[in-house]
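Subject: Structure handover

Hello,

Here is the structure you were waiting for. My notes on it follow below.

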Amino acid sequence: MSRVERAYIGLGANLGDAVTTLHTVLKELRGSPGVLYCEPSRFYRTAPVEATGPDYINAVAALDTSLAPLELLDLLQALETRHGRQRPYPNAPRTLDLDLLLHGDTQMDSARLILPHPRMHERAFVLAPLHELAPDLVLRQGPVSQLLAGLSGQWVQQLD
């Protein structure tokens, strides 16, 4: 039997009905082979970072998975494609964006995947929902709570 790891996935969308898309993809994740548990944070509205377009709806999901990091990445990219994700240029508005943030203690730097996610500590739209799920989590840059406090200038609004 494969080892089960806790992974964290960043979810975001700013085209179409973003809230419905995120709810749908969370159901799809829960039903995916190799995903044993999926707990989402609440949803957050955020302004685009280093991009243009409408506000994003963001969340983070904690997964218990038997999938290896690249297998999980393949699943996430297949879900993005299923939901109409296109990549016309960097940071383009999107129907769905799924980022593998952490996969247990895995450290990886390949052409396809860098773990832990190299910019999550700079983004309140990742840290706010991540803090909700794992308030005591410590990244190599420091505790999530302290990193989030240092990003108070980035607008993040929790949705009901």
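In what order do the elements of the chain run from the N terminus on? They run β-α-β-β-β-α-β-β-β-α-β-β-α-β, with 4 helices and 10 strands in the chain. Helices (H or I, at least four residues) and strands (E, at least two) are DSSP runs, numbered from the N terminus.

Before the rest, the ground rules. This is a predicted model, in which local features need pLDDT of at least 70 and side-chain atom pairs count only at pLDDT 80 or more, while totals for chains, interfaces and linings use all residues. Residues are numbered from 1 along each chain as its sequence is written, and side-chain values use heavy atoms, with hydrogens and water left out.

Overall form. The C-alpha trace spans about 45 × 35 × 35 Å along its principal axes. Of the 160 residues, 47% are buried, where buried means under 20% relative accessible area with a 1.4 Å probe, protein chains only. Among contacts (heavy atoms within 4.5 Å) between residues at least 6 apart in sequence, 67% join residues at least 24 apart.

Cores. A nonpolar core here is a set of buried Ala, Val, Leu, Ile, Met, Phe, Trp, Tyr and Cys residues joined through side-chain atoms within 4.5 Å. The largest has 28 residues, of which Leu11, Leu29, Leu63, Leu72, Leu98 and Leu100 touch the most other members. At least two residues of this core come from each of strand E1 (5-13), helix H1 (18-30), strand E2 (35-40), strand E4 (56-65), helix H2 (69-82) and strand E5 (97-103). Another core, of 17 residues, lies apart from it and includes Leu101, Ala124, Val144 and Leu147. Leaving aside residues up to four places away in sequence, Leu98 touches Ile9, Gly10, Leu11, Val25, Leu76, Leu79 and Glu80.

Helix H3. In this helix (residues 124-133), 8 of the 10 residues are buried, so H3 is largely enclosed by the rest of the structure. Those buried are Ala124, Phe125, Val126, Leu127, Ala128, Pro129, Leu130 and Leu133.

Pro116 sits in the loop between strand E7 (114-115) and H3. Most peptide bonds are trans.

Regards

Definitions and conventions: Buried means under 20% relative accessible area, exposed over 50%, partly exposed in between (1.4 Å probe, protein chains only).
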